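Open the model in your viewer and keep the selection tool at hand. The tour begins with a strand pair and then moves to a helix.

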Amino acid sequence: MATFPDIKPSYGTRKNNAPINRVIRFADGYEHRIVFGLAENQNPKVFNFTFNVSETEADTIETFLDARANDSASFDFEAPGETASQKFVCQGWSKSIPYNNRATIQATFREVFEP
């Protein structure tokens, strides 16, 4: 199992929760919600990270994410404000170079539940 490089994202991280449930609505307005899947895996997180880093660190991040894209594997990462590392896949990322030897990587990490 791969672990994300020890490079911290910048402040301003966005965290989205996407609970997995099914809703049945009846004609009289009654609504029934059903938990779908295992109970502990019902609320996967999606993080939008921005890394303002040196060009060397940006290359390290890109090399790591390229390798995960090639092998379709998840990776361990401890998001800011979380108490433990979780498993993620990166849905996509972009890189810009605003200044000499500085780079900005914006990446979207989606939590996955795997053994």
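Select Val23 and Arg33: Val23 stands opposite Arg33 in strand E4. This is a predicted model, where local features need pLDDT of at least 70, side-chain atom pairs count only at pLDDT 80 or more, and totals for chains, interfaces and linings use all residues. Residues are numbered from 1 along each chain as its sequence is written, and side-chain values use heavy atoms, with hydrogens and water left out.

Now show E3 (residues 21–25) and E4 (residues 31–35). They run antiparallel, joined by 5 bridges. Strands are DSSP runs of E, at least two residues; helices are runs of H or I, at least four; both are numbered from the N terminus. Two strands pair if DSSP finds at least two bridges between them. Next, pick Gly29 in the hairpin, which has 5 residues between the strands; Gly29 takes a positive phi near 95°.

Move to helix H1, residues 55–71. H1 has 17 residues and reaches 24 Å from its first C-alpha to its last. Colour its buried residues, among them Ala58, Ile61 and Phe64. Buried means under 20% relative accessible area, with a 1.4 Å probe and protein chains only. Their cover includes strands E1 (2–3), E5 (45–54) and E7 (86–99).

Zoom in on Glu55, in H1. Why is Glu55 counted as buried? Because its relative accessibility is 18%. Show Lys95 too: the two side chains make a polar contact at 2.7 Å. A polar contact is a pair of N or O atoms within 3.5 Å; within protein, one must be able to donate a hydrogen and the other to accept it, and residues adjacent in sequence count only if both atoms are side-chain atoms.

Technical notes:
The expected span of a helix is 1.5 Å times one less than its number of residues. Buried means under 20% relative accessible area, exposed over 50%, partly exposed in between (1.4 Å probe, protein chains only). Contact means heavy atoms within 4.5 Å.
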